[in-house]
Amino acid sequence: MSNLTSSTSATRRDAIVDARAAEAFVRAYPVQPIPAAGTLDTSPISTSPSVATDLDPIWRAVEPETRARCNDVHLPISLAFAERLCDAHPEADRRTVRVAILLHDTGWARVDESRIISEGFGPDWRRSEIRFEHERQGCLIAAEVLPPLGYDPAFVNAVCAIIEGHDTRMVAYSLEDALVRDADRLWRFNHTGVAISSTWFSLTPAQYTDRLEADVLPELLSSAGVAMARAELERSRALLKTTVLR
Ligand SMILES: [Fe+2]
Ligand SMILES: [Fe+2]
């Protein structure tokens, strides 16, 4: 793992928001969470893994980056959620959503590992410099791996526009951006996501599921995402006995 950042002191800043893009998205989708016109599936995500093989060349290209920060668990589960969200929103560009979610956190592999937990999951984590750095590195990785696999510059730009700001920017710019954001959050509601993420934030599973309900659920942008999150949360709480183990 390389260290591309030299500073060891935690810095904080706000994301730069393209107000026109954000306002255009709200005008296009005035009702939020965005209603779904397609199929909604709230069954356990393990029942519908991503089985298509068209993205396998990308997976192989970023295999080293999947070994950072549990990306080899987070990214496949989030891709499965992203595909369900695309089923609920057939009007979305499915390929952009799928590729963007696959690559969105690969940049964690190119930042200082010691800072991932100390800064990336501390108080005010969304404004930490390391969060911005993993987004920048993720865009660089997308620009490295996609063109040799035949993806054209416009597509690469569309993917990078989603990766950039996926954690640090609070607003979405497009439906595809919104679905990637929801898929990125949804994996945490699954019991595997609870198990991994709760340790990142030094919380018990019960504390973490409470936080998911209070803080993350309201951030979801699609009604399909909300329904899937509620279903996964209920199953995770029952499975992990969070009413007793508090
Ligand atoms: Fe991220
Ligand atoms: Fe993520």
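Ser202 has 11 other C-beta atoms within 10 Å, so Ser202 is exposed. This residue sits in the loop between α10 and α11. Its phi is positive, about 55 degrees, although Ser202 is not a glycine.

The structure is a predicted model. Its average pLDDT is 92, and 92% of the residues score at least 70. Residues 1-9 have a pLDDT that stays under 50. For that stretch the model has 11 contacts beyond four places in sequence.

Helix α10 covers residues 191-200, and α10 packs with α11 at an angle of about 100 degrees. The axes of the two helices are 9 Å apart. Angles of 65 to 115 degrees count as roughly perpendicular, and α10 is therefore roughly perpendicular to α11. On the α10 side the meeting residues are Val194, Ser197 and Ser198, and on the α11 side they are Pro205, Tyr208 and Thr209. By class, this contact has 3 nonpolar residues, 3 polar residues and no charged ones.

The buried residues are Thr96, Val97, Arg98, Val99, Ala100, Ile101, Leu102 and Leu103. Around them are several helices: the buried residues of α5 pack against α2 (56-61), α4 (71-88), α7 (129-145), α8 (153-163) and α9 (175-186). Ala100 illustrates this packing at the level of one residue. Not counting residues up to four places away in sequence, Ala100 touches Val159, Ile162, Ile163, Glu176 and Val180.

Ala100 also belongs to the largest nonpolar core, which has 47 residues. The residues with the most contacts inside this core are Phe81, Ala82, Ala100, Leu103, Ala142, Val159 and Leu179. Two or more core residues come from each of α4, α5, α7, α8, α9, α11 (205-216) and α12 (223-239). Helix α4 gives the largest share, with 9 residues.

Helix α12 holds Ala224. This alanine has 29 C-beta neighbours inside 10 Å and therefore counts as buried. Beyond its neighbours within four places in sequence, Ala224 is in contact with Ala36, Leu40, Leu85 and Ala88. Arg169 lies 55 residues from Ala224 along the chain, and the C-alpha atoms of the two are separated by 21 Å.

Asp167 is placed in the loop between α8 and α9. With 21 C-beta neighbours inside 10 Å, Asp167 counts as buried, because the cut-off is 20 or more. Its contacts, leaving aside neighbours within four places in sequence, are with Arg126, Arg131 and Glu135. Asp167 and Arg181 are 14 residues apart along the chain, and 8.1 Å separates their C-alpha atoms.

Ala21 has 15 other C-beta atoms within 10 Å and so is partly exposed. Between the C-alpha atoms of Ala21 and Ser114, which are 93 residues apart along the chain, the separation is 35 Å. The loop between α1 (19-28) and α2 contains Pro33. The peptide bond from Gln32 to Pro33 is cis, and its omega is near 5 degrees.

One further loop residue has a backbone angle to note. Cys70 lies between α3 (63-66) and α4, in the loop that joins them. Its phi is near 60 degrees, a positive value in a residue other than glycine. Cys70 has 19 other C-beta atoms within 10 Å and is therefore partly exposed, whereas Ser202, with 11, is exposed.

How values were computed
Residues numbered from 1 in each chain as written. Chains lettered and ligands numbered in written order. Predicted model: local features only at pLDDT ≥ 70, side-chain atom pairs only at ≥ 80, totals over all residues. pLDDT = per-residue confidence, 0-100. Contact = placed C-beta atoms within 7 Å. Buried ≥ 20, exposed ≤ 12 C-beta atoms within 10 Å, placed from the backbone. Helix = DSSP H or I, 4+ residues; strand = E, 2+ residues; numbered from the N terminus. Core = buried A, V, L, I, M, F, W, Y, C linked by C-beta atoms within 7 Å. Axes fitted to C-alpha atoms, helices over the stretch in contact; angles between N-to-C directions. Parallel < 35°, antiparallel > 145°, perpendicular 65-115°, else oblique. Nonpolar A, V, L, I, M, F, W, Y, C, P; charged D, E, K, R; others polar.
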